[in-house]
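User: I have a model open and want to go through a few features with you. Can we start with the helix packing?
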Amino acid sequence: MATAAVVEQGERENYLNATYGLKSWLLTVDHKRIALLYLISITFFFFIGGFFALLIRLELLTPAGDLVQSDTYNKLFTMHGQVMVFFFLIPAVPAVLGNFLIPIMIGAKDLAFPRINLLSWYLYIIGGILMLYTILAGGADTGWTFYTPLSTEFLNTHVITAALAVFTAGFSSILTGLNFIVTTHRMRAPGMTWNRLPLFVWAHYATSLIQVLGTPVLAITIVLVALERLFHLGIFNPALGGDPLLFQHLFWFYSHPAVYIMILPGMGIISEVVCCFSRKRIFGYKAMALALLGIAVVGFLVWAHHMFVAGISLYAALIFSLLTYFVGVPSAVKVFNWTATMYKGSIRYDTPMLYAFGFIGLFTMGGLTGLFLASLGLDVHVTDTYFVVAHFHYVMVGGMVVAYLAGIHFWWPKISGRMYPEGWGKLAALLVFVGFNLTFFPQFVLGYLGMPRRYHAYPPEFQVLNVLSTAGATVLAVGYLLPMVYFLWSLRYGKPAPVNPWGAAGLEWQVPSPPPTFNFDEQPVVTWEAYNYDEIPEPEEVPVGQ
Amino acid sequence: MLQHVPLWPESASTTSGWVDALYIFLLLVSAAMTTLIFTMIGIFAVKYRKRPGHHAEQIEGSTILELGWSIIPFGVMMIFFVWGALIYFREHTPPPNSAEIYTVAKQWMWKFEHMEGQREINELHVPIGRDVKMIMTSQDVIHSFYVPAFRIKQDVLPGRYTTIWFHATKPGTYHLFCAEYCGTQHSGMIGSVVVMEPKDYEAWMSGSGAQPLAVTGQTLFSQLGCVTCHRADTQGRGPNLAGTYGKSVMLQDGRTVTADENYVRESIVDPAAKIVQGFKPVMPTYQGQLSDEQLNALVAYVKTLGQPQSGQTANATGIAAATPQP
């Protein structure tokens with residue numbers, strides 16, 4: 001393993017150089033090494049999913065379906081969705097940043113179950129191999145949503161292997177959630193009370209509740225799809241007395257809370273970043289923690305808002321629309337609290353903070369468009385169109401991916417012991433923001449115009465907006481590639497990072513960069529509140545990478 | 001490419017007006033909220049930027065503000081909810097005496113049958129100024145009937161009917177899209193809705209000479225032997241169907257259901273599902289023996305039984321027979 005790049009002569013022992021060799025990494029139980037194993041794997045899948053997205057956008061440059069065949073296009077959007085959702089969005093923040101930081105943030109040596117943590121990674125990898133096999137064998141074309149009876153009776157593609165890949169990855173997610181819940185309850189250092197926990201930890205706690213309670217439903221649903229496909233049991237097939245809507249209820253019961261699995265950890269990151277770069281404690285700590293829990297709980301009650309035109313009853317639709325608005329309130333509260341945190345702060349514009357600004361703006365736009373979709377009469381027109389595609393990319397890419405990048409930049413010095421080059425960081429953030437908006441804003445217009453989702457070819461009057469979208473995707477791609485390059489560069493040439501380059505609050509900023517294997521030389525005793533920025537001096541000068 | 005770049009869909013029905021009004025309201029509120037947040041962040045980012053000599057002021061929070069910015073957004077959201085719910089309720093309540101058109105969706109085309117008997121594939125002719133109710137089913141997977149110009153959409157399911165209604169207001173030809181991914185040619189499952197002035201529509205209608213749907217149903221009703229049990233007098237082994245459609249039916253297990261299109265259809269393909277009180281479960285199932293079009297004809301026929309003009313099954317609910325509403 002190339003840890004030599006990070007270690008200079010006379011360097012103190014840390015988790016990267018403590019032991020050498022492939023086995024020491026593949027059989028590690030150190031949460032920080034497992035986080036890096038995840039970092040490499042999810043980045044790999046991100047670029048695979050991104051590659052499919054580029055092909056989709058290239059096809060959509062012209063109204064005719066002339067780049068790939070229809071079946072191929074259907075596989076492209078299916079695999080893009082499945083790879084991105086299950087192998088990037090769901091695991092990314094918890095498995096990379098959550099794994100790395102939670103034990104340190106609470107003053108512990110590791111998670112409660114280090115071996116289960118490693119098992120989580122192996123389950124992810126097995127799922128990933130199954131997904132790669134599915135792709136190489138020709139892919140599945142069910143849509144990431146697997147709707148029946150199309151997926152169970154009418155397609156001859158690799159549906160079951162794709163389903164198995166997702167099934168396996170689901171257990172990775174459940175075990176990570178279990179680990180975090182037990183860790184948060186049982187491993188906090190003396191003095192680290194619940195009310196002193198960083199919001200990053202609260203966010204992962206709320207996320208873990210969803211992972212543990214929701215993912216098993218997805219697992220069962222996938223098993224039922226596989227059984228139906230193999231044995232034609234008639235669960236979802238009306239010709240045999242089954243109900244196709246049953247599948248949708250089961251699927252969305254997990255898949256709606258799943259989107260909160262994706263966004264809540266990102267919100268935890270933003271709280272850490274905004275506080276640090278405003279030099280202020282969070283505005284409304286209790287409200288922020290309650291909001292995280294509120295989103296997690298109410299998020300389980302809204303699933304049928306994906307089914308307003310599916311054939312559910314009027315009364316069911318009314319209830320789910322109302323509940324969906326309930327879940328919008330805590331999200332709005334969080335946006336207001338982050339903004340209020342900046343009030344009378346002392347604000348720096350380092351790259352993590354630029355991503356945080358981007359997050360707040362884009363998540364606001366994405367969240368507001370969720371309110372459009374929650375409104376029944378309007379949803380009838382825009383559901384199953386590009387309006388929905390734009391909405392969820394605003395919250396998942398403009399929200400979660402931007403938050404993830406904020407977090408990676410913020411904690412990179414701690415993880416790698418190096419500073420990334422700040423100028424390039426700012427440039428990439430700008431490209432991501434501009435590219436993202438250019439890609440997805442035209443899709444709102446396309447959606448209201450009536451362009452349906454999952455269309456390989458489209459009427460010519462939609463072309464200009466599609467071309468704008470593809471142009472944006474190209475800029476966005478450059479914005480994503482840059483960090484790949486400069487983070488790798490920084491491993492060798494980046495300025496060595498001090499213990500606390502940002503002058504940030506939190507126990508992770510009191511241990512060396514990178515931390516030793518067991519995090520702390522002595523168990524810390526916490527006597528201060530979270531975000532105690534009144535006590536932490538501002539760094540005089542942040543050592544920028546170049 | 002740059003010749004015609006629409007940014008707003010055409011409006012061709014009564015529903016489009018309702019939906020557009022709500023959309024514009026949401027756009028305005030969202031634009032205001034987005035501008036507010038962007039502006040506040042912009043101002044704070046500049047006004048409170050790190051400067052020598054200036055320090056951050058630690059502020060714990062404010063319960064009043066938390067309550068305020070929870071309750072006020074919630075109140076605004078309730079407007080979105082109620083307004084949207086009212087439109088949805090109207091969209092799900094077809095007006096009485098709507099003209100009916102049966103639809104069968106299949107991979108990858110739309111088949112329509114007017115009550116007067118005209119059949120169309122991928123093109124749907126309707127007159128302006130009339131309420132039209134689509135009674136739809138799928139032959140295979142889930143599809144979705146979507147006309148952006150009317151702002152209406154409804155998934156079309158195998159094994160049951162779903163319905164949607166509209167009232168066209170502007171002549172023209174408008175896109176019809178399938179909006180639920182249905183396999184290889186999903187994006188090819190498109191067509192047009194041709195909205196015509198009433199006299200043009202009459203002319204188009206009269207050119208076909210097709211047999212009215214309910215008459216086809218009547219023929220099937222005899223041919224398949226339905227008439228042997230479902231006789232007009234009450235000696236039959238099955239319930240008398242005259243006047244059943246639209247009424248409440250008491251079932252053997254004590255439940256009461258409304259005899260809508262789905263009930264009639266289910267009674268033909270799965271008679272054991274809902275046995276009428278006082279009758280034995282002796283009806284054979286016709287599952288797999290009838291095409292969806294034949295089922296539609298039977299349903300259309302059963303609906304006319306016992307209705308005021310039951311002597312003429314022809315244009316009971318046909319478009320041409322009724323006076324167009326303004």
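User: Is the crossing of H6(B) past H7(B) left-handed or right-handed?
Analyst: Right-handed: that is how H6(B) passes H7(B). Keep in mind that this is a predicted model.
User: Which residues make that contact?
Analyst: H6(B) supplies Glu261(B), Val264(B), Arg265(B) and Ile268(B). From H7(B) come Leu295(B), Leu298(B), Val299(B) and Val302(B).
User: And by class, how many are nonpolar, polar and charged?
Analyst: The contact of H6(B) with H7(B) has six nonpolar and two charged residues, and no polar ones.
User: At what angle do the axes of the two helices cross?
Analyst: Roughly 120 degrees, and the axes come within 10 Å. H6 covers residues 261–269 of chain B and H7 covers residues 292–304 of chain B.
User: In what sense do E9 and E10 of chain B pair?
Analyst: Antiparallel, over five bridges; E9 is residues 172–178 of chain B and E10 is residues 191–196 of chain B. Within that pair, His175(B) stands opposite Ser192(B) in E10(B).
User: Now the two chains. How many residues of each are in contact?
Analyst: 76 residues of chain A contact 74 residues of chain B.
User: Which helix gives the most on the chain A side?
Analyst: Helix H11 of chain A, residues 314–342, which gives 14 residues to the side touching chain B. That side of chain A divides into 45 nonpolar, 21 polar and 10 charged residues.
User: Last one: H15 in chain A. What span does it reach from its first C-alpha to its last?
Analyst: 41 Å over 28 residues (422–449), close to the 40 Å expected at 1.5 Å a residue.
User: What comes just after H15(A)?
Analyst: Gly450(A), which takes a positive phi of about 115 degrees.

Notes. Residues are numbered from 1 along each chain as its sequence is written. Chains are lettered from A and ligands numbered from 1 in the order in which they are written. This is a predicted model: local features need pLDDT of at least 70, side-chain atom pairs count only at pLDDT 80 or more; totals for chains, interfaces and linings use all residues. Two residues are in contact if their C-beta atoms, placed from the backbone, lie within 7 Å. Helices (H or I, at least four residues) and strands (E, at least two) are DSSP runs, numbered from the N terminus. Ala, Val, Leu, Ile, Met, Phe, Trp, Tyr, Cys and Pro count as nonpolar, Asp, Glu, Lys and Arg as charged, and the others, Gly among them, as polar. Two strands pair if DSSP finds at least two bridges between them. The expected span of a helix is 1.5 Å times one less than its number of residues. Axes are lines fitted to C-alpha atoms, for helices over the stretch in contact, and angles run from 0 to 180 degrees between N-to-C directions. A crossing is left-handed if the near helix is turned anticlockwise from the far one by less than a right angle, and right-handed if clockwise.
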